[in-house]
Amino acid sequence: MTDRNVRQISPSPKDGAEQHALPFSTFARHANIVLLGDPGAGKSHLFRESAVASGGRYLTARAFLNIPAFPPHAVLFIDALDEQRAGRGDRGTADTIVQKLFAAAPAKVRISCRIVDWLGESDLAAFQPYFEHSGDAVVLSLERLTPEEQRAVLAAQGMTAEAGAFIQEAQARGLAAFLENPRNLIMLVEAVKTGSWPATRNELFRLSTRLLLSEPSDEHARTGGGVYSVDELRETAGAICAARLISDVAGISLLDRYGDADIPSYRSLGFLDVAKSQAALGRRAFEAGPVPESVDYAHRTTAEFLGAEWLAGRIRAGLPLGRVQALMGVEGRPAPELRGLHAWLACFLPEQADQLIEADPYGVLTYGDAGSLSPTSRRRLLDALGRLSARDPWFRAGHRRSPGIGALAQPDMVEVFRAVLNSPSANFGLRSVVVDALAEGMPLPVLKDDLAAVVTRGESPFAERMGAVLALLRLGPDAKALVCEIYRERPPEGDDPSLRLRAVIVTQLYGDSFGPEDVAQLMGDILAAPTEVTTGTLWPISRLISLADIPRVLDRFEPIERNLRSDLERRNLWEVAAAFEQLLLTALEQPEPELNAVSVWGWLRVWRSFRDGYGGARDKNVREALHQRPVLLRVIAEHSLPPSRPTARSGRRFSNYARPRRSRSSPNYFLSGFSLICRRSNRAAPGGSSSTSWHSASPTTSPRCAHRRFSPSCSAGATRRMTSAPCGIERCHARFPNSFSRGGHTSPVNRMTIRTRARNP
């Protein structure tokens, strides 16, 4: 994969809009990018591929600081900022990198860091002097693998035909979380190829490291370092990894001499057997280092696992835990780049787990494996997270979807989770951990009613209620039916969190329990809501609706009269208008199926009425889409624009707009005339005759269709009025049975004469 989806987290939009996932390449225009991601998420791979594609240069933060000079105007991809820092209080590394950037003067800069080790505004402030000097900057979060990306990773591992079956089997075994992280997915593939499916993250890493330390070549296994088995090399490899991580060197030299301080020789580890060290460094757990004749770990997560396993053995043999903690951090708390090593120690040392958990509870949850902890330690971990949340309510800000959080959901945690979900004193940070663990980890059906209570609890934050919905939908048909019941039977609420929650439910169950009518209903409710909704609420839904369903949504709307637009919340109008416009463009841009001209005319009138109060309308896109459908355009023009006769009020200008009847393939002429018609036909005057479309005068009931339409045109303005009207081509024939035949019959839209009372334009 040469591109991945990312989500912009800074700068955040001023209007509170939700940021949506976009390909990393779409941000290439920015001068400065900070890319954040979980361990093994693919930051380094993405940087390497992007550097090749753009002609840039990939290097680690350490290498960037050590290389004296760079070609002018280079594009630099600086990887692993977190591996270069000395601790969370370390501002020196960022300052040094900023000074070096000023000296190097690259054209563009991309910096990567583990998301839990990025210090948010503090780090951004450290880089701000350079960013302000060199251009704009964005902070991006690397998204989890999509199903398509998962298949691409599997194909790269030689699983093309079997990819779908592999994904289904992993999901059935409760290993879906391993599919969303590239490193975990690759390790899972390698483990399964041995004939064994791991049940926990601990088992996955144990199997994968065993494969990485094995000798794949039978020829090499007979001579030299290949004669050593995995068990003989495991301890040696763990010692090398622990020393490499704690000392924070750049690599390990394969030369016999002792090398330098940055890349010491493997012989500097005098307590290890030299032959075994050489053999371990030649296995796949290590790869070529930053300079010739040097190596480094293949991936940091596997090095952390092996290093922690070796350290746990030394501690059991008498090495004081306090001394190890002093080497790894300050006052028992690990430095950011050593949180993974520290977290695995809690799994390998159950007798010391409580002390390690208390030092860094979120690190243990994120980097380690809560599923391999004892039930007592899991409960201790949840308690420690509660205390952390009380001290720092935003400790999960920017990285809520941690890949390891689901491991906390185990059957022995049911009563503890229930107590947290129903406790009025539990803070949001702790409740969000529980809800997200249930949404990510093992399904626990016994908590169905407790989760439903969270969904219906209006005072709970939106993120918590959304997590409860996602957790419920994983509990089987009964829980899914309960979610639908909550949606349909509870009175609609017009507040922003409730409307966003309804949008989440419809998005998750569209095509199953919900359809286009529910989407239209939700759009109508948002349009009529008395409070503003978050921008982007309808964005995911508008991408789900199939071409066949789009007309069933668009047909439900009528133009908004001009004198009623001021009664609507402007942001809500924009939100619905943007979704309507996206659906309209999607329908127009597809060559198939053939669209009903009368319906399209109605959609365009609604779109135009939105446009008058919505600044984001895209006339150019609509024109281009109509250009691709000349036949449709001719039919619309023939049945919509009035004859070419100037009137006292419209004059020559209006006559010119009828030219599409003669130049029938010009969307520019058509939309110009269409705009004038809509401005006049949508203008309502109190006490006077207002312009109406042909379908607004159609019968209120139809034997062929009971379709309902939305129009916020009651006296209250913002209240939705629902009427019944025929839909599609049947709607036309219900009132004008022969309207589309030539030879004297009048077009239904031509009968829609502009009946405004006489007044100055």
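## Pockets and cavities

On a 1 Å grid over the protein atoms alone, a pocket is an open set of points with protein on both sides within 12 Å along at least five of seven lines, while a cavity is a set of points where a 1.4 Å probe fits but cannot get out. Lining residues have an atom within 4 Å of a point. Grid points are joined across faces, edges and corners, and a volume is the space filled by probe spheres set on the points.

## The model and its chain

This is a predicted model, in which local features need pLDDT of at least 70 and side-chain atom pairs count only at pLDDT 80 or more, while totals for chains, interfaces and linings use all residues. Residues are numbered from 1 along each chain as its sequence is written, and side-chain values use heavy atoms, with hydrogens and water left out.

The protein chain holds 33 helices and 14 strands; these are DSSP runs numbered from the N terminus, helices being H or I with at least four residues and strands E with at least two. Of the 761 residues in the protein chain, 53% are buried (buried means under 20% relative accessible area, with a 1.4 Å probe and protein chains only). Among contacts in the protein chain with a separation of 6 or more, 70% are between residues 24 or more positions apart (contact means heavy atoms within 4.5 Å).

## The seven-stranded sheet

Seven strands form an open sheet with mixed pairing, in the order β2-β1-β7-β3-β6-β5-β4 (two strands pair if DSSP finds at least two bridges between them). Its edge strands are β2 (22–23) and β4 (57–60), each of which pairs on one side only.

Strand β3 (residues 32–37) pairs in the parallel sense with strand β7 (residues 137–142) over five bridges, and six bridges join β3 to β6, again running parallel. Ile 33 has a bridge partner in each of these neighbours: Val 138 in β7 and Arg 110 in β6. Strand β5 (residues 75–79) is joined to β6 by four parallel bridges, with Val 109 in β6 as the partner of Leu 76. β4 and β5 also pair in the parallel sense over four bridges, and Tyr 58 stands opposite Phe 77 in β5.

## Burial in and around the sheet

Five of the five residues of β5 are buried, so this strand is largely enclosed by the rest of the structure. Val 75, Phe 77 and Asp 79 point one way from β5, and Leu 76 and Ile 78 point the other way. Strand β6 is also largely enclosed, because six of its seven residues are buried.

Helix α4 (residues 121–134) lies across β1 (5–10), β3, β6 (108–114) and β7, and runs at about 150° to β3. Axes here are lines fitted to C-alpha atoms, for helices over the stretch in contact, and angles run from 0 to 180 degrees between N-to-C directions. In β7 is Ser 141, which counts as buried at 12% relative accessibility. Leaving out residues up to four places away in sequence, Ser 141 touches Asn 5, Val 6, Arg 7, Ile 9, Leu 36 and Ile 115.

## The second largest pocket

The second largest pocket has a volume of about 1300 Å³. Its lining has 49 residues, and those nearest its centre are Ser 44, Arg 48, Tyr 58, Asp 79 and Glu 287. Elements that each supply at least two lining residues include α1 (43–54), β4, α8 (182–192) and β9 (286–288).

By class, the lining of this pocket has 23 nonpolar, 10 polar and 16 charged residues. Ala, Val, Leu, Ile, Met, Phe, Trp, Tyr, Cys and Pro count as nonpolar, Asp, Glu, Lys and Arg as charged, and the others, Gly among them, as polar.

## The largest cavity

α23 gives the most, with four residues. The lining of the largest cavity has seven nonpolar, two polar and four charged residues.

## Leu 438

Leu 438 lies in helix α19 (residues 428–440) and is buried, with a relative accessible area of 4%. Leu 438 and Ala 471 are 33 residues apart in sequence, yet 5.4 Å apart in space, C-alpha to C-alpha. Leaving aside neighbours within four places in sequence, the contacts of Leu 438 include Ala 409, Phe 417, Leu 451 and Ala 471.

Notes:
Buried means under 20% relative accessible area, exposed over 50%, partly exposed in between (1.4 Å probe, protein chains only).
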